[in-house]
Amino acid sequence: MSRIDTPAAGRMQTIARNPVMIALVMTLAIAGCASKKNLPNNANELGLGGAGSATPGSQQDFTVNVGDRIFFDTDSTSIRADAQQTLDRQAQWLAKYPNYAVTVEGHADERGTREYNLALGARRAASTKDYLISRGVPANRLKTISYGKEKPVAVCDDISCWSQNRRAVTVLGGAGM
Amino acid sequence: MLRRTFFRLMVVILAGCGLVASPANALVELNINKGNVEPLPIAVTDFLQGELGKKISDVVAADLKRSGLFAPIDRGAFIEKISNPDAAPRFEDWKVINAQALVTGRVTQEADGRLKAEFRLWDTFAGTQMTGQQFFTQPENWRRVAHIIADAIYERITGEKGYFDTRVVYVAESGPKTARKRQLAIMDQDGANPRALTNSNDLVLTPRFSPNRQEVTYMSFENNQPRVYLLQLETGQREVVGNFPGMTFSPRFSPDGQRVIMSLQQEGNANIYTMDLRSRTTTRLTSTAAIDTAPSYSPDGSQIAFESDRGGRQQIYVMGADGSGQRRISFGDGSYSTPVWSPRGDLIAFTKQSGGKFSIGVMKTDGSGERILTTGFHNEGPTWAPNGRVLMFFRQNAGAGGPQLYSIDLTGYNEQAVPTQGFASDPAWSPRLE
């Protein structure tokens with residue numbers, strides 16, 4: 001797999017204060033590995049999240065060290081094995097930091113019609129939420145929202161992007177229903 | 001807002017020198033129900049006098065040309081220079097350049113400031129006037145007058161109502177895909193007079209006109225609560241439709257304008273509901289664990305087409321307006337979505353996904369007679385012109401930065417890009433502006 005060099009800790013902290021930057025780095029990193037099976041889906045596996053790069057219990061800690069997103073197969077809402085590992089880590093983290101409520105954002109790739117994708121994104125958010133509940137996260141800490149195909153993170157016209165856009169992202173706080 | 005552009009229209013039929021032809025002896029006619037029609041050569045002369053007259057005749061000619069049914073003749077080929085639009089033209093001069101129909105007209109300013117626009121449509125081979133009308137309006141409405149004249153010409157020659165004096169609501173898109181801004185916007189059907197209806201702060205989707213054209217229902221993520229809204233075009237006033245315990249989306253009006261039909265998302269499944277706008281009562285019409293969405297009424301209000309993945313992939317279903325008799329009607333290869341019932345009632349337009357392509361097509365209301373009108377990387381979201389002859393949809397080509405609007409004839413011919421300032425999606429054609 002193509003290796004991303006671990007930045008110096010000082011520089012990483014600068015980046016880590018900016019979640020947008022983190023997301024961008026992750027997107028680029030994932031895109032670079034798109035031809036491989038078993039896409040890495042959190043920064044830990046990419047060597048981005050060295051110890052001490054984010055304050056434990058912070059948004060950055062969650063995003064970088066736990067992994068805030070999981071991916072789905074086309075038109076599917078079932079939680080894949082790799083996604084289960086991520087969600088297990090999310091559940092553990094949320095148990096450790098019980099002050100956070102979270103919103104699960106469901107997304108679809110652009111290879112579908114608008115209305116269906118809104119519902120599909122909602123279904124993915126719901127199945128993710130259900131999984132987290134099954135791992136002990138109290139339902140009253142979990143909200144969901146669907147953005148359908150309207151908020152892609154990866155932009156190209158082939159499966160390397162579509163597979164990254166079919167996702168559920170767990171956001172600390174957030175504003176779902 | 002919209003009301004200001006509405007205007008009192010006085011129509012006077014101009015009898016032309018005893019030359020008014022009854023339909024029976026008109027030579028010019030166009031049967032537009034027989035597939036690929038050869039466009040009718042027509043001469044649209046500059047309306048007298050001056051710049052405004054020329055601008056009006058330009059819009060008339062552009063409307064007729066875009067319909068694909070008319071071929072306006074280059075004005076450089078004209079022999080006779082029209083100096084008196086009330087007098088019969090020299091028909092020989094028009095026949096020799098093969099103008100089968102001729103449009104003459106005049107625009108003048110009344111003493112009270114109103115604009116008086118008049119036109120005559122001539123059948124050059126029969127040597128008769130086919131129709132003649134005059135209109136009084138405020139000068140700023142000159143484009144509408146041109147569209148109304150084009151509609152009158154279209155109707156007189158094809159025997160079907162025109163669709164030029166109509167508007168389109170759509171989603172205007174700007175910015176990169178990963179941070180796309182979206183605003184509701186409205187424009188004339190030819191792309192003129194675009195105007196934003198919302199700011200770009202909130203994600204907005206799927207606007208649809210009310211039958212009286214005064215309201216638009218749409219979906220907005222305002223306050224991060226994705227819900228169906230109602231927008232009054234005249235006042236700009238907005239309100240949430242209903243108080244549902246989850247995301248509401250994919251709204252559309254009933255043909256009488258009294259109800260909004262939409263999907264309600266609850267956990268993993270979406271069901272179809274209506275809300276009566278007067279009593280505020282809601283009615284649930286579908287009840288499955290599937291995604292039931294994109295409802296669209298038949299024009300008589302008795303039936304509803306929608307899409308559902310209850311059988312696996314998305315397919316088109318039809319049910320009674322009360323939810324009874326739900327049955328699948330699409331059985332072709334691939335999946336079918338976004339059904340939209342034709343204003344004539346005889347066809348349902350749809351988006352089809354098959355073999356990695358997205359197509360726009362039509363089928364009869366029992367699912368038979370499927371015809372694909374256009375196929376490509378991504379075509380989506382058809383909407384009907386009010387005469388049921390033309391469809392508009394949005395298209396994104398592979399590698400393109402964003403979607404654009406297109407129109408296509410029901411025959412599958414005459415595909416035309418609809419000009420917008422930036423990217424555009426989710427068009428909805430207005431009913432005719434009576």
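## How two helices of chain A cross

H3(A) passes H4(A) in a right-handed crossing; a crossing is right-handed if the near helix is turned clockwise from the far one by less than a right angle, and left-handed if anticlockwise. This is a predicted model, in which local features need pLDDT of at least 70 and side-chain atom pairs count only at pLDDT 80 or more, while totals for chains, interfaces and linings use all residues. Residues are numbered from 1 along each chain as its sequence is written, and chains are lettered from A and ligands numbered from 1 in the order in which they are written.

Helix H3 of chain A covers residues 59-67 and helix H4 of chain A covers residues 81-96. Helices (H or I, at least four residues) and strands (E, at least two) are DSSP runs, numbered from the N terminus. The two helices pack at an angle of about 140°, with their axes 10 Å apart. Here axes are lines fitted to C-alpha atoms, for helices over the stretch in contact, and angles run from 0 to 180 degrees between N-to-C directions.

## Where the helices meet

On the H3(A) side, Phe62(A), Val66(A) and Gly67(A) meet Thr86(A), Arg89(A), Gln90(A) and Trp93(A) of H4(A). Two residues are in contact if their C-beta atoms, placed from the backbone, lie within 7 Å. By class, this contact has 3 nonpolar, 3 polar and 1 charged residues. Ala, Val, Leu, Ile, Met, Phe, Trp, Tyr, Cys and Pro count as nonpolar, Asp, Glu, Lys and Arg as charged, and the others, Gly among them, as polar.

H3(A) is mostly covered, with 7 of its 9 residues buried. A residue is buried if 20 or more other C-beta atoms lie within 10 Å of its own, exposed if 12 or fewer, and partly exposed in between, with C-beta atoms placed from the backbone. Among the buried residues of H3(A) are Phe62(A), Val66(A) and Gly67(A).

## Where chain A touches chain B

The contact takes 21 residues from chain A and 29 residues from chain B. On the chain A side, the elements giving two or more residues are helix H5 (114-134) and strand E3 (142-148). H5(A) provides the largest share of that side, 10 residues. The residues on the chain A side divide into 12 nonpolar, 4 polar and 5 charged.

## Chain B as a whole

Chain B has 4 helices and 30 strands. Its radius of gyration is 23 Å, close to the 22 Å that the globule rule gives for 434 residues, so chain B is as compact as a globular protein of that length. The radius is taken over C-alpha atoms, and the rule is 2.2 Å times the number of residues to the power 0.38. Along the principal axes, the C-alpha atoms of chain B fill a box of roughly 70 × 45 × 45 Å. Of its 434 residues, 50% count as buried.

Start with Ile348(B): along with Val60(B) and Leu391(B), Ile348(B) touches the most other members of the largest nonpolar core, which has 132 residues. Such a core is a set of buried Ala, Val, Leu, Ile, Met, Phe, Trp, Tyr and Cys residues joined through C-beta atoms within 7 Å. Leaving aside neighbours within four places in sequence, the contacts of Ile348(B) include Ala305(B), Trp341(B) and Val362(B).

Next, find Glu118(B) in strand E5 (residues 115-123); with 22 C-beta neighbours inside 10 Å, Glu118(B) counts as buried. Arg284(B), in strand E17 (residues 282-284), is exposed, with 11 other C-beta atoms within 10 Å.
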